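Here is a short briefing for a first look at this structure.

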Amino acid sequence: MTIERIQHIVEGRLSPKRFAHTLGVVDMAKRLANHYGVRVDQAEMAALLHDAMKECSLEAMQDMVQQAQIPVDKEMLSNGALLHGPAGAAYAKLELHIQDESICEAIRVHTLGSTHMSVLDKIIFLADYIEPNRDFPGVEELRTLAFQDLNAAVVQAYDGTIRHLLDQGLSIHVDTIQGRNSVLLERSEV
Ligand SMILES: [Fe+2]
Ligand SMILES: [Fe+2]
């Protein structure tokens, strides 16, 4: 399937606002991929599909991950904000026949990250956070940092997410903590 066809399908699944966000993630992911020497076509496809299941019911997300046998824990299974990543990866595999594992993995971990993030995973995770439609204090500085030091920018994105969750009195999934720890460790090793 062509990227144009997939863009059309995604547009039909999302509200105008979320589709605009998705195109912003595509734009940022392509720029970062180009900068860091990652395949731009993979970044474009993963970005385009990252939120493809976000506006579906929790039940539809649960069905999708179960059909694709994507392992998720109880906490993810009961929370669409966490489950839409794995569900998006499942959708890409099952419905769009995307066989590129690195694309599916980047979609799967775009919200929480993981303990073994590839450069593509980091690019999608970060592009989601700093795409051009995002507006929060410090976003411009973080966009600049993203092109200077990818790992430092990913840690800052984690920090912002964790601060927000704390401020809102929300739970923090263990993958968020472990993902941040792993990137911190990578930084100290270079
Ligand atoms: Fe998302
Ligand atoms: Fe998103």
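Aspartate 51 bridges the iron ion (ligand 2) and the iron ion (ligand 1), which lie 3.5 Å apart. Histidine 21 lies in helix α2 and aspartate 51 in the loop between α3 (40-49) and α4 (58-68), so this pair ties together parts 30 residues apart in sequence. The model is predicted: local features need pLDDT of at least 70, side-chain atom pairs count only at pLDDT 80 or more, and totals for chains, interfaces and linings use all residues. Residues are numbered from 1 along each chain as its sequence is written, chains are lettered from A and ligands numbered from 1 in the order written, and side-chain values use heavy atoms, without hydrogens and water.

**Iron ion (ligand 2)**
- Its protein donors are His21 (NE2), His50 (NE2), Asp51 (OD) and Asp128 (OD), at 2.2 to 2.3 Å.
- Donors are N, O and S atoms within 2.8 Å of the metal (3.2 Å for Na, K and Ca); water is not among the atoms, so sites may look incomplete.
- Along the chain, these donors follow the spacing H-x28-H-D-x76-D.
- Histidine 21 and aspartate 51 are both buried (under 20% relative accessible area, with a 1.4 Å probe and protein chains only).

**Iron ion (ligand 1)**
- Asp51 (OD), His84 (NE2) and His110 (NE2) are the protein donors, lying 2.1 Å from the ion.
- Their spacing in sequence is D-x32-H-x25-H.
- Histidine 84 sits in helix α6 and histidine 110 in the loop between α7 (101-108) and α8, so the pair links parts 26 residues apart in sequence.
- Helices are DSSP runs (H or I, at least four residues), numbered from the N terminus.
- Histidine 84 and histidine 110 are buried.

**Largest pocket**
- The largest pocket holds about 1100 Å³ of space.
- A pocket is an open set of points on a 1 Å grid over the protein atoms alone, where a 1.4 Å probe fits, with protein on both sides within 12 Å along at least five of seven lines; lining residues have an atom within 4 Å of a point.
- Its lining has 38 residues, with Asp128, Tyr129, Arg134, Thr161 and His164 nearest the centre.
- Helix α10 gives the largest share of that lining, 8 residues.

**Second largest pocket**
- The second largest pocket has a volume of about 170 Å³.
- Of its 17 lining residues, Met76, Arg108, Val109, Gly113 and Asp175 are closest to the centre.
- Helix α6 supplies the largest share of this lining, 3 residues.

Technical notes: Points joined across faces, edges and corners; volume = space filled by probe spheres on them. Helix = DSSP H or I, 4+ residues; strand = E, 2+ residues; numbered from the N terminus. Buried < 20%, exposed > 50% of the residue type's maximum accessible area, 1.4 Å probe, protein only.
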